[in-house]
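Have a go at each task before you read its solution.

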Amino acid sequence: MKGNLPPSGRSLMQAAAQPDFRMSVFSATSKTVTLRWTRDPRATSYKITATSPTKPDAFVSFGPNTVMGSVTSLSPNIMYNFIVEALSGSDVLSTASTKSSTAPDMMDPIQTVKPQESTTLTVEFNLRTGATHYIIRVENDDGFFREDTASSSPAEIRSLMPYTEYSLSIMAVNSAGRSQPSLPVTAKTVLAPPQLSSSSPSNESIVLSWDPVAHAVQYTLSIYKFGSNTSMDMYNTSKTNLTFSGLDAGSLYTITGFAWDPEGREGESLYINQTTRPQAPPSVNVSVVMNNGVAGLLVSWERDQEVYRPTENHVMSDLNFTCNTTSSSCTLSAVGCGEVHTIQVIASNEAGPSYPSSAVVFITFPCPPQSLALVESLEGNCTLTWKTVSHADSYTAFIKTDSSSVETCNTTSNNCTYHCQCGHTYLMSVQAFNNAGSSPQGQVLNYTTLPCCPEDVSVSTVSTDTLEIRWMPSRGAVLYETRAAHSSEVILCNDTAPVCALSDLSCDTAYSVVVMPCNEISGCNSACKAHTKDTAPCMPMNLMLNQKNSSRVTVSWTANNRAANYTVSANGDDDKHICTTNENSCDITNLSCGSTYEVSVIATGAAGQSLPSYSEYLETEPCCPVNLTVDQVTQAMTNVSWSRAKGARSFITSLTSSRGHARCHTQDSHCLMGCITCSTNYTVTVEAFSHSGHKSNCTYQGFSSSPCCPSRVKLYRKTNNTLGVYWSSTGSSNSYIAEMVVNNTNYNCTASPGENSCEFGSIQCGDIDHVVVAPLTPEGSKVPFCPKRLYSVTCSGVDIGTVIYRGKRSAD
């Protein structure tokens, strides 16, 4: 074996021949190690060698079909190097190696076994060099088997059955495995402790009970007050219950109990703590406290300083308010006003609750008064009223003005009267009081008194149907309602300005004017002083004009004014006429001709003037032309002209005589009139007409037509180169003149009144241009429109020959 190749050489061969050849430890004991390896199909045998620096080598061979084998007769707790070789005859085909220690040697038996608890045994044993830990084997005759691991001695074996006998052996363990079990020893656990159950039915007793413990023949129990200097009281009994009485309230007691087995051994003991119930809290007091605006009832009581630990105190009210605390006070939160509470306190600890404390009846603060209302009187007093509330002993009213001053009023009734000013805002609240305190802040009545009546009110008439009212702004007013009342008629004006115009009023009426200041909160002050003001007189109606003559008119009207003077105005184109009266008619005189007058009437009274009446228009007769001229154009035709006539639109001019008349109608200022008879006196008249047909009759100085032209005028030859002219006249009062033109030479002759002929002397023969015979006017002028007669005169040598009539023509 020692002549084999070194491991390094074998490893090379193995690597070359069988690279997957491996070996591992399957198990190990103190003298045997079992190995396993992979199979090499070429091998005819396998050889395992175990080497150690301190122990001689060992080896063992196996057939070709074996892949697991054990190496025995090794030394305990020694580290060995194991080598496996796959052989084909004497040739090494493959090798593999591993290291492993043998398990420790068998332990000495357990030295000591003591019951520690009913389910625990304490074992003591000798330690083994090289062991990493120990395994204790526990078993009994009922088939129980368990192995527990221990790292040192002593060790506890737990979770056993009470009052049961066990067999115990121990094994040492290292990395290779465990030793052989030691020789067993026996031990018996003690009785289980009684499972005590306790309670405190009162604050001076504790009741203890437990289930029977199997195999127990007697029980021992002891009680001790925690923190006291007294000794522990012990009690023996074969029963399963026990009552401790005469104990201190709210104290912690320690109770211990164990059972005795038939062998006289004490079983496992068990202790419990039990607190007696606390006593009922004494001297309970109740008061009201506020926290963040929330009301609560602070319930307090005397605290027992000797209790074991703070108790839980439960405060309760019959109105379902509760609170819990470990201190000596507690607050029932969010209580309401006017509540009647019956309050008790119960102290509790783990033992249970105490008896309830003596009941305390407590009435909370009253509820805030509701239905606040204010009655404002005209005398400047305000009465604040409210509804009374239950459990209230007194009330305090708080009146805060807009100047931030606060007035209070204390009373036991439900009203309070104080002085209030107009136009101020008051914040009013009422609190009720009783022994518990004041009510919470209740309703706040925001009341603004009626605005003050305006001062310096002036009422003036601005027009016939309008009154203007002005006043000084009044305190508290945001709107003014102005009323003008008369009988059933009421005119309103609403405005925010201290001025108002009331229009559409009735004329000649006395109105009662009141300015009422208003605001949105308190309304309008209807107690302000009224002012009486008359409106202007009514406008005269039904104006009538009765023209008496061309310069006078009577104006009449209807009016229902109580007392008024009337002024009648006639406004013409160039003048104005006025008359005044206190009656319903008036005469206007001295009217101008040819004028149009606008006539109206105004009534005047103490309140002013009325509107002018509706106008009526009066047109006077047109003026007569100042100048009129009659010019005779022909013996039968005249031209009448006249100057401008004011107010005249058309004219009818008449020439009237006993022998006939002439007439023309024109819009011009002249008129050509025919059919005039010569030597006739005419009356001249003009009728001037206005636009509306008014007529003026104008008479002027008479007109006489020119004398009549003579008829049957004849020219004849006389001796000595003279010519004679003859005519027939229509009258003997006129002189005549005859004119003749011969060869541009003028000849004339004159005949006295009554004569009807005359002659032209020293006439040379030749052409006669014309001959005219015309009468002379009284003024001595020739009538210019007598006709011209044409003649021619032949010559007989130097003498006049025959006169030849050639006709006649009108005068040029």
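A salt bridge here is a side-chain nitrogen of Lys or Arg within 4 Å of a carboxyl oxygen of Asp or Glu. The model you're looking at is predicted, so local features need pLDDT of at least 70, side-chain atom pairs count only at pLDDT 80 or more, and totals for chains, interfaces and linings use all residues. Residues are numbered from 1 along each chain as its sequence is written, and side-chain values use heavy atoms, with hydrogens and water left out.

**Exercise 1. Find which residue forms a salt bridge with K188, and say where the two partners sit.**

Step 1: look for the partner. K188 pairs up with E263, and their closest N and O atoms are 3.5 Å apart.

Step 2: E263 is in the loop between β20 (252-260) and β21 (270-275), while K188 is in strand β14, so to speak across a gap of 75 residues, and the pair links distant parts of the chain. Strands are DSSP runs (E, at least two residues), and helices are too (H or I, at least four), numbered from the N terminus.

Step 3: check the cover. Buried means under 20% relative accessible area, exposed means over 50%, and partly exposed is in between (1.4 Å probe, protein chains only). E263 is partly exposed because its relative accessibility is 45%; K188, at 27%, is partly exposed as well.

**Exercise 2. Work out which residues of strand β14 are on its covered face and which on its uncovered one.**

Step 1: recall the pattern. In a regular strand, side chains alternate between the two faces of the sheet.

Step 2: apply it to residues 185-188. V185 and A187 make up the covered face of β14, and T186 and K188 the uncovered one.

Step 3: find the neighbour. Strand β13 (residues 165-173) runs antiparallel to β14 and is joined to it by four bridges; two strands pair if DSSP finds at least two bridges between them. Opposite K188 in β14 stands E165.

**Exercise 3. Trace the network of salt bridges that includes E147.**

Step 1: start with R137. Its side chain meets that of E147 in a salt bridge (2.7 Å, N to O). R137 is in strand β10 (residues 133-139) and E147 in strand β11 (residues 145-150), ten residues apart.

Step 2: take the other contact. E147 also bridges to R178, with 3.0 Å between the closest N and O atoms. R178 is in the loop between β13 and β14 and E147 is in β11, so this pair ties together parts 31 residues apart in sequence.

Step 3: Shared partners join R137, E147 and R178 into one network. As for cover, E147 is partly exposed at 29%, and R178 is partly exposed at 32%.
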